[in-house]
Every structure is written in structure tokens, then in C-alpha cells.
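Look through the sequence and the structure first, then read the points below.

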There are 2 protein chains.
Amino acid sequence: MRNVQQKLRIARGEEPAELLFKNANLVNVLSGEIHPANVAVADGRVIGWGDYSAHEEIDLQGAYLAPSLIDGHFHVESSMLTMPEFARAVAPHGTGTVVIDPHEYANVLGLDGIRYVLESSKNLPVDFFIMLPSCVPATPLETAGAQLTAGDLKLMIADERIAGIAELMNYPGVYLGLDSELSKIEAGKGKNIDGHAPGLTGRNLNAYVLAGVRSDHESTELSEAREKLRLGMHMLLREGSTERNLATLAPLVTPQNAANCSFATDDKLAGDLVHEGHIDHCVRVAIRMGIPPVTAFQIASINTARHYRLRNYGAIAPRFWADLIVFDDPGHFQVRQTYKKGKLVAEDGKFVGVLPGIVSQPRSTMNLSYRAPEDFRVAAPSRSGAKIRVIEIIPNQIVTRQAIEAPKLGQGEVLPDITRDVLKLVVVERHHATGNVGVGFVRGFKLRDGALGSTVAHDAHNVVVVGTNDTDIRIAIERLTKLQGGQVAVANSSIKAELPLPIAGLVSDQPLEEVMAQIQKLNAAAHELGCDLDAPFMTLSFLSLSPIPELKLTDQGLVDAAHLNKTELFVQKT
Amino acid sequence: MRNVQQKLRIARGEEPAELLFKNANLVNVLSGEIHPANVAVADGRVIGWGDYSAHEEIDLQGAYLAPSLIDGHFHVESSMLTMPEFARAVAPHGTGTVVIDPHEYANVLGLDGIRYVLESSKNLPVDFFIMLPSCVPATPLETAGAQLTAGDLKLMIADERIAGIAELMNYPGVYLGLDSELSKIEAGKGKNIDGHAPGLTGRNLNAYVLAGVRSDHESTELSEAREKLRLGMHMLLREGSTERNLATLAPLVTPQNAANCSFATDDKLAGDLVHEGHIDHCVRVAIRMGIPPVTAFQIASINTARHYRLRNYGAIAPRFWADLIVFDDPGHFQVRQTYKKGKLVAEDGKFVGVLPGIVSQPRSTMNLSYRAPEDFRVAAPSRSGAKIRVIEIIPNQIVTRQAIEAPKLGQGEVLPDITRDVLKLVVVERHHATGNVGVGFVRGFKLRDGALGSTVAHDAHNVVVVGTNDTDIRIAIERLTKLQGGQVAVANSSIKAELPLPIAGLVSDQPLEEVMAQIQKLNAAAHELGCDLDAPFMTLSFLSLSPIPELKLTDQGLVDAAHLNKTELFVQKT
């Protein structure tokens with residue numbers, strides 16, 4: 001207890017502290033007020049406030065000192081950054097702690113993916129707590145890299161950085177009481193159980209909560225969020241790159257229920273994190289929507305720490321980690337400095353901390369088996385006048401529509417039709433060399449030439465390529481294999497731009513700035529080929545997501561996602 | 001999972017619930033509002049609300065339905081009732097759960113006392129969670145029945161009904177970092193650590209909190225409570241029989257910090273519990289002091305459940321125990337019905353529940369060794385003009401003053417002096433037959449005759465007797481021994497009234513009504529002997545409490561409690 005003794009001596013004032021923040025306006029999320037304080041720090045912890053001496057003194061001259069911000073639910077893979085590079089991106093925005101669900105890593109690598117996340121997220125300027133992915137694979141209609149049972153989850157649940165079981169997306173399975181789902185809840189007993197039940201209401205929602213689900217981050221309507229909050233679900237107010245629900249849900253929050261609210265981003269791109277911000281952006285939106293600043297900071301810190309039982313995180317008081325942010329004006333909230341365990345890690349938007357050495361990457365995950373071009377060919381229908389199902393993209397949404405079109409025929413096969421924007425979509429299984437190849441057609445990319453390919457393809461993350469011709473489709477797949485995963489734009493048999501994602505085919509091994517530059521070039525290349533979508537590769541990555549309506553394509557073929565059935569390209573004559 | 005499956009079927013509406021509260025105004029402590037609901041209950045749990053059918057329907061016609069009330073810190077021995085009788089006393093007041101510190105049982109019986117409490121508090125209409133007493137004995141200046149080390153506490157900490165380590169009263173020991181105290185905190189790791197540090201402030205308070213102490217219930221001043229709350233201590237707002245701090249502290253509470261506040265009674269007599277109330281009384285005081293009703297109910301339920309991690313307690317929502325109260329008017333809050341796990345246990349002030357069979361009592365704790373009257377005699381001083389220290393009672397306070405008086409001499413000894421109200425006080429060790437007898441003098445009882453004796457004598461609970469003569473003192477001790485502990489009023493060698501407390505010498509084995517009647521007779525007898533104190537036996541019971549200033553008497557002799565030293569009856573000439 002030597003270390004404890006020294007900290008107590010410092011607290012009693014018998015030894016100087018390491019660091020003293022003088023003349024702070026302390027955002028006290030425990031007493032729900034802002035009050036002046038001189039805050040002493042030692043050994044990474046807050047020691048107390050009052051009349052202290054210290055080896056280093058920082059006169060804040062009335063600036064605000066608040067606890068670092070906490071994200072309650074985030075898929076770090078959505079940034080396509082390694083854990084250290086993600087930390088480097090968000091520390092300047094005041095993020096101190098993130099609760100992550102490594103759902104994509106787990107779908108590709110199983111428990112190895114979770115172990116990689118645990119190991120590569122140690123000793124960083126941001127602390128990570130991990131929820132164990134509960135839906136691997138998401139559905140039986142796609143071939144993922146791994147399968148996780150309740151037994152697998154139990155193997156890891158005791159780790160002190162594991163905060164519980166991640167979003168139970170199979171919500172009918174939960175409220176219907178399937179053993180497979182209830183046993184996952186049971187595996188998380190004593191820790192947290194996150195929910196995912198968009199639009200679920202009434203008695204089935206009661207059953208979902210009764211089964212043990214404790215949170216929600218999928219509410220998009222105020223009434224939906226109110227029903228869930230009343231039932232005791234912790235409300236993760238989401239504001240990500242595409243899912244922007246905070247302004248809609250803000251009127252729900254009162255000081256009397258704010259303890260049951262947190263901020264979350266769910267998915268946010270590297271560029272958005274850097275330029276718009278992270279949880280600091282949520283605080284700004286919340287204050288703009290009329291939530292009192294102290295309440296907004298509570299939602300951004302202690303409430304999340306308590307919900308996920310993050311011991312000694314989320315407040316400034318003795319025993320808490322000295323995870324602190326300095327800012328000048330709650331009305332125009334911009335983080336000026338970020339401290340992690342008492343060390344300055346970011347200042348004026350720049351990361352100034354130290355990153356540990358790189359953890360070795362997981363094994364290659366590109367294990368394909370296919371025959372080109374035979375596997376990509378769609379034989380013309382024997383019956384004349386037959387029509388095909390086409391996936392129709394709705395810009396900036398992950399749901400799609402199904403369109404019925406006459407096929408363009410030639411050389412005995414169904415061809416892409418650039419004039420009607422009906423392009424070929426190919427999904428090749430990449431985990432087990434099963435030889436599974438799904439082929440379909442999609443409208444919305446507007447490519448006049450070439451192909452776009454990605455190994456980020458929710459949730460199984462097989463290779464997905466959209467193209468105007470089979471040659472460029474093949475070249476895209478070959479390039480992605482060579483890169484060990486990534487995203488690529490191809491035209492006229494040559495590579496126009498690429499983003500290598502050698503870590504599980506999901507994440508770059510490059511620095512933040514390089515990743516952002518590559519993404520920009522990639523999008524520019526796609527736009528040059530005719531695509532006018534804001535985020536062509538993100539749109540592409542959701543075309544395999546079989547649980548989300550209406551029509552999707554996986555390695556197993558076309559999926560009627562609204563009914564969770566496989567379906568056929570050719571519409572049956574009725 | 002069969003039971004789970006059935007509850008899920010009920011939640012989905014496929015089977016009727018057991019009980020449905022129709023047309024309730026639900027006090028929703030999770031969403032911080034009151035809203036209409038039809039609440040379904042089955043298998044002791046809340047299933048949900050909405051359109052349900054049930055075997056039994058209760059139309060509340062707009063009456064309020066709130067979660068049962070929770071006491072965050074209580075010494076059940078202060079009621080002198082067994083666990084079932086205490087439950088019977090408080091269930092009509094809406095109490096559903098009590099966090100108790102069996103400090104007195106432990107000082108008499110050690111771990112056996114805690115085990116007895118655990119066993120005798122099972123399957124009652126009130127649920128009990130137990131904090132492990134951390135100060136047994138309270139000081140080395142008195143001889144308790146047992147000694148509990150951190151190792152002893154570790155033996156029991158894992159029990160799911162053990163909520164942590166009870167109030168660390170040796171607060172200097174904590175902030176000075178004594179291994180004995182820090183190891184008790186360590187023993188409670190992962191559970192709660194309750195504090196007790198009246199008046200502690202500044203840097204030493206920082207150190208006390210830094211060491212791991214998480215709550216306070218001793219604040220008597222608003223500024224003291226504010227400092228502690230800001231430092232992250234959970235604030236137990238106390239309103240007991242004598243310690244009445246709620247009205248003083250109520251202005252501290254805001255909706256933005258109320259999550260860190262609970263109600264507690266600490267010590268409350270049976271009669272006060274029955275006539276004034278329990279946590280319902282706290283709710284009334286809080287609302288009268290201007291705390292919004294929903295906030296008051298949050299403080300009385302979910303906040304305490306969360307702080308002590310009482311899983312599934314403290315709210316009305318799916319998965320929570322159906323611990324419910326019905327009342328008609330938050331402005332005039334009176335509990336009309338109390339339900340425990342879906343069963344009606346009290347109505348209109350009457351207990352209507354079922355109590356389980358009596359758990360067998362602990363072994364006898366009356367193990368005295370003394371010689372009468374020799375041990376009670378105080379030899380006259382050899383030096384003429386010598387003066388004696390007299391304990392001076394301050395009515396309704398546990399602190400005393402020291403008075404210096406000339407002794408009344410006769411027959412070669414110091415005699416009680418009724419004319420100056422200087423009576424003899426005797427403490428006889430009762431646990432280990434050590435033969436320890438402490439003798440002193442006390443002012444404030446105003447007995448003109450006889451003696452009052454008690455085996456309730458904080459914190460070691462030896463036999464304490466105040467008397468006008470040695471014969472009645474001896475008879476009181478003999479009677480208490482025969483009763484296996486209790487309280488007794490003696491005069492002219494005969495018993496005037498008595499309250500047998502055969503359970504550890506602390507608690508009656510009789511029903512609530514009988515205990516209240518006996519206490520009334522006992523107080524009447526004391527008053528008849530000349531005493532004008534409100535609670536003569538409670539006053540008597542605190543005269544041995546060695547940590548509380550100024551002058552006390554234990555089995556080891558007079559104690560200068562302000563300096564935690566032994567002292568002498570005769571004042572040294574200076």
C-alpha cells in the first residue's frame with residue numbers, strides 16, 4: 001500500500017502534488033454545479049481540491065475544468081483507424097473513454113478480433129471498455145468469418161475491461177425467448193446488456209426489457225425514446241456520421257431523468273471525427289437544444305461511467321482518474337486541452353501525447369475461391385420477357401428498395417446497363433474459401449465506367465464490388481486480395497485509387513492523416529467515374545447487410561431482407 | 001429457463017398476468033415523471049404496462065403507484081425489535097428494503113451476530129441488505145464481545161445480500177492510512193464503503209474520500225454536506241429519532257445532484273417508527289421543504305438501490321421486483337397499501353402479510369464476573385479537598401460535558417448525592433467475565449430513588465447502571481443477568497418495570513406492540529423515580545460510547561473521550 005500511503009500524504013498536504021490546476025471553474029458533475037476550485041493531481045488521480053502546493057502549477061485563470069468525455073457506444077471499425085490512431089483523432093476533442101462494440105472485428109476474426117482490440121487498445125491516451133459482440137454472424141443468410149456462442153462470450157466476460165454484452169440485434173429472438181439469445185444475456189450477468197431494437201414497442205418491448213436488456217441507442221422518434229426510457233432502458237442519444245438522432249431526442253431529457261442518458265456515436269467516419277468532432281459535438285448540439293450545460297456534461301461523462309460501471313471514470317473528485325478537459329466558454333464549447341491520467345495529451349486541436357508501439361496485426365483474412373469471369377456471368381433467362389430484381393439505393397440510408405426491371409441481354413447473358421444505371425453487384429466470400437459468389441444488380445451508383453470494390457461489407461464483410469463490366473470487377477477483387485483487404489476504384493483495367501485495409505480487411509495500418517487523404521482520393525475517383533453519392537464506399541458496404549430491408553445481396557445470393565429469406569434474381573411469372 | 005419463458009409469454013400478452021393495477025398514476029423514478037399506466041405483475045416482478053389481462057385486477061382509479069421506499073442506513077437494533085417485527089412495523093409505512101449495519105449485534109456476537117441477522121431477515125415482507133460492521137470494537141477503551149478484522153469481513157463480503165463495508169468511524173485511522181482501516185476498505189472492493197466522519201473537512205476529508213469511502217450520513221450542516229457531495233460522497237440525508245438533519249440539508253438537493261442522495265434513519269425507536277413513520281416521513285419532510293415530489297421519490301427508492309447496487313430494486317419497470325406502494329395524494333403523502341413482490345403486506349396502516357417461523361436465537365451473552373458491593377464502592381480520597389469528575393448529560397444529545405464537583409463522603413467512600421443530582425454510574429463487562437467494573441458519577445438523571453440498568457450500552461454493550469444506592473444497582477444487574485439482558489428500573493430492592501432483551505441483550509423476542517408497551521412502562525417507572533429525561537434509557541445507553549466527547553464511562557473506567565484516553569475519577573492537584 002505504499003502508493004496509497006503517498007497519495008494520502010499528498011491529500012493531507014504533507015507532500016506536494018504533481019500538478020495543481022489553480023483558479024479553475026470546476027464542472028462538478030457530482031454536485032451538479034460549477035464552482036471554483038484548485039484541483040490537485042498525483043499518480044494519475046485527482047487528489048482533492050483546496051490549498052495545495054505542487055511541482056507544477058497551471059493557472060487556469062477562470063477557465064473551465066470538466067471531466068473528459070465518454071462515448072457510450074461506438075464501433076471503432078467505422079473510423080477505419082487502428083486504436084492508437086483513433087485515440088489520436090478524438091483526444092483533441094476531449095474524449096477520454098470510449099465503450100466500443102468490436103462487432104466488425106468479431107464478424108471477421110471471432111474471439112481473435114476481440115483479443116486484438118483488447119491488446120491494441122492498452123496504454124493509450126483514450127481508455128477503451130469493450131462490449132462483447134452478441135450477433136456473430138448477424139443472420140444465417142451471409143457467411144461471416146466466425147461464429148460466437150454464449151459459451152464464447154463467457155470465456156471473456158470476466159476481463160475487467162469487458163463491460164458487458166453488446167447490442168442484442170436479434171430482438172425478436174430475445175422477446176420470443178430463444179435459448180441462444182437468453183443464454184447470451186445470462187453470460188453477461190452482473191455486467192451490462194446493450195439493446196438494439198429500432199421501432200420495437202408495446203408488449204414485445206416489455207418482454208425485451210424483461211429479458212434483461214438495459215439500453216437503447218436506436219430510437220429515432222421522441223415517442224419511441226420516451227417509451228423505452230420509461231421502461232428503464234438507459235438512453236444512448238446517438239449522433240454519428242449518418243444516424244443523427246440527438247436533436248430529435250433532446251426534448252426527452254430533463255434534469256430528473258438525465259442520469260439515465262448518455263451520448264453515443266455508434267458509427268462515425270475518421271473525417272467527421274476530426275472535422276466535426278466526437279462527444280464534444282454532442283455536447284454542443286445538446287446545449288444548443290436547450291439542455292443545461294451541467295446536465296449536458298453529466299450526460300457526456302458520469303452518467304455513462306456509472307451505467308457501464310467504469311470505476312473511477314467520469315468525474316473530478318478524489319480517487320477519480322485525472323481525465324480532464326479545459327475549455328473557455330460553455331456557450332461556445334471547444335476543448336482547449338485534454339489530460340489523460342494527469343498528462344497533457346492534446347492542446348488546441350493537436351495531439352501532443354505519446355503512443356505506445358504498434359501491436360502486431362491479426363493474420364490475413366483474404367481467403368477467396370472463385371472463377372472469373374464464369375462466376376460473375378448471369379445467364380440470360382430461357383423465358384423471354386423475364387424481369388429481374390434490382391437493388392435500389394436510397395441515398396444516405398442503409399435501407400434499400402427493390403425495383404423490377406427488364407434485363408439488358410447480350411451474348412447469352414444479362415449485362416449491366418449504364419444508360420438505365422443498372423450495374424452489376426458481386427459478393428465473394430472471403431473467409432473460408434467456400435467459393436460462394438453472389439451476383440445481382442444495383443441502381444444508384446451511376447458509374448459510367450469501371451468498378452468500386454470493398455472488403456468492408458456489413459456484417460460479414462465479404463468482398464463486395466459494383467461494376468460496369470466483369471473485367472474491372474475481376475481486377476478490383478484481385479487488387480483487394482493483394483492489398484489484404486481495402487477499398488478500390490478501378491477503370492479500364494487500371495487502379496484509379498485505393499485504401500488498403502490490411503487489418504481484418506476493415507482497418508488501415510496508416511496514420512490518421514494518410515487514411516483521410518486516401519479516402520478523399522478514393523471518393524474523388526468514384527465521382528470521376530460518374531458516381532454522385534456522398535459516400536460511395538459506405539453505401540456499397542451496406543448492400544450486404546442482410547437484416548436491413550428491403551433487398552440485399554450476400555455471398556449466398558439475393559436476400560429479401562424484409563422477410564429474412566433468400567430470393568431469386570429473376571421474378572417468377574405470376 | 002422455464003420461469004423466464006413464462007414471464008416472457010405474459011409480457012407478450014400470450015398468457016394472463018397474475019395481477020394488474022389498472023388506472024394507476026405511475027410515479028416513474030426512471031423517466032422522472034408521473035404518467036398513467038396499467039401495470040402487470042407476475043412471479044413477484046413487474047412485467048410491463050399496457051393492454052394486459054390478469055387473474056386479479058385492481059382498479060386504482062387514478063391513485064398513485066410508486067416503488068416501495070428504501071432506507072439507506074439503519075441500525076435495526078435501535079428498534080429493539082427482531083427482524084420480522086421490525087418488518088411488521090415499517091411495511092405499513094411503505095418500506096420495501098432496508099440497508100442495515102448490524103453494528104451492535106456484531107459488537108456483542110461478532111460474525112455470529114451478522115449471520116443471525118442474515119438468517120433471521122430472510123423471506124420477510126421487507127428485504128434487507130447488510131453492510132459489514134467495520135468498527136468492532138469501536139475503540140480499545142471498552143471491552144466488546146468480539147473483534148472483527150479485515151480478514152473476518154472478507155469471509156462474508158461475497159454473500160449477495162452483503163452490500164459492502166459499513167461506516168468507517170475511525171476516520172482519522174482512514175485518512176492517516178492505518179493498514180487496519182485501509183485493509184477493511186480493500187476487503188470491500190467492488191462493493192460499497194460507507195463513511196462516518198462528522199465535521200471532517202478540507203484536506204483530511206479529501207484523503208478520507210481518496211482512500212475509498214463513498215458515502216456520508218453524519219452531515220449536520222449544509223456547508224458540510226455540500227463539501228462532501230462535491231467530493232463525490234453519496235449523501236444519506238438522515239432523519240432518525242434524535243438525529244434530525246433532513247430539513248437542514250434539504251436545500252442542498254437539486255434535480256441535478258439528487259441521484260447522489262438517499263434517505264436514511266440511522267437509529268429510530270420502535271414507537272417513532274410506528275407513530276411518526278419511516279422513510280415515508282422523510283418523503284413528507286422533503287416535499288414540505290420544497291423538493292419536487294418525483295425527486296423525493298427518486299431519493300427514497302432508485303437512488304439508494306443504485307448506490308448500493310440492489311439489483312432489480314427501486315423502480316417500477318419490467319424486471320424490477322413488484323415492491324409497490326399505493327397512495328392518494330403526493331401533497332399529503334400517506335401510504336395506503338404496500339406490496340412486496342406482488343403480495344399485499346400492509347393496508348391502511350395495518351400489517352396484513354405473512355411472517356415466516358422464528359429463527360432460533362443466538363446464545364446467551366450475559367457472562368459477568370463482579371463482586372457486590374465491593375466493586376461498586378469508591379474509596380474516599382486520602383487527600384482532603386480532592387474533587388471528582390462528573391459526567392454531565394446534555395438532554396437529547398450523545399455528547400456529554402465534564403463537571404468537576406466536590407465528592408459527598410461517608411463511611412470512608414464517595415457516595416451518590418441526590419441533592420446535587422450526582423448519581424453513581426456502574427459499567428460491568430458482560431461478554432468475557434473479565435471482572436472489569438467501571439465506576440463513576442453522572443449528573444442529569446435526577447433519580448431520587450432506585451436505579452436504572454441496561455445491557456444496551458453503545459458500542460460494547462456492557463451492563464450500565466445509574467443508581468442512588470449500591471443495593472438497587474446490584475439488584476438491577478442481577479435482574480438483567482436473569483433476563484439474559486434488557487432494561488430495568490429498580491427501587492427499594494424491587495423491580496418496578498423491565499424490558500427483557502434476550503437476543504444479544506439488545507433486542508426483544510416479543511411482538512412490536514408488547515415491546516412498545518414495555519418501553520412505555522419502563523419510561524414511566526423512570527419518571528416516577530424522578531427522572532425527567534425524554535428517553536432515560538437511551539441516554540443511559542450512550543454514556544459508555546467512548547468515541548464521543550466529552551467524558552464517558554466504560555468497563556475499563558472513565559474515558560476522556562475528546563482525547564481518547566483513560567482518565568481518573570479524582571482530579572489531580574495542579
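Buried means under 20% relative accessible area, exposed over 50%, and partly exposed in between, using a 1.4 Å probe and protein chains only. This is a predicted model, in which local features need pLDDT of at least 70, side-chain atom pairs count only at pLDDT 80 or more, and totals for chains, interfaces and linings use all residues. Residues are numbered from 1 along each chain as its sequence is written, chains are lettered from A and ligands numbered from 1 in the order in which they are written, and side-chain values use heavy atoms, with hydrogens and water left out.

**One helix in chain B**

- Helices (H or I, at least four residues) and strands (E, at least two) are DSSP runs, numbered from the N terminus.
- Eight of the ten residues of helix H12 (residues 279-288) of chain B are buried, so the rest of the structure largely encloses this helix.
- The buried residues of H12(B) include B:Ile279, B:Asp280, B:His281 and B:Cys282.
- They pack against several elements of chain B, among them strand E6 (69-74), strand E7 (95-100) and helix H13 (293-299); contact means heavy atoms within 4.5 Å.
- After H12(B) comes B:Gly290, with a positive phi near 100°.

**Two copies**

- Chain B can be laid on chain A by a turn of 180° and a shift of 0.0 Å along the axis, with an RMSD of 0.1 Å; copies are superposed by least squares on the C-alpha atoms of residues with pLDDT of at least 70 in both.
- The two copies are thus related as by a two-fold rotation axis.
- In chain B, the C-alpha of B:Pro255 is nearest the axis, 2.8 Å from it.
- Both copies use the same surface: 100% of the contact residues of chain B recur in chain A.

**Aromatic rings**

- Rings of Phe, Tyr and Trp (its six-membered ring) pair if their centres lie within 6.5 Å; planes under 30 degrees apart count as stacked, over 60 as edge-to-face and the rest as tilted.
- The count comes to 22 aromatic pairs over all chains.
- A:Phe21 and A:Tyr339 form an edge-to-face pair, 4.9 Å centre to centre with 85° between the planes.
- A:Phe21 lies in strand E1 (residues 17-28) and A:Tyr339 in strand E15 (residues 335-340) of chain A, so the pair ties together parts that are 318 residues apart in sequence.
- Both A:Phe21 and A:Tyr339 are buried.
- Ring pairs also link A:Tyr64, A:Phe297, A:Phe327 and A:Phe333 into a cluster.
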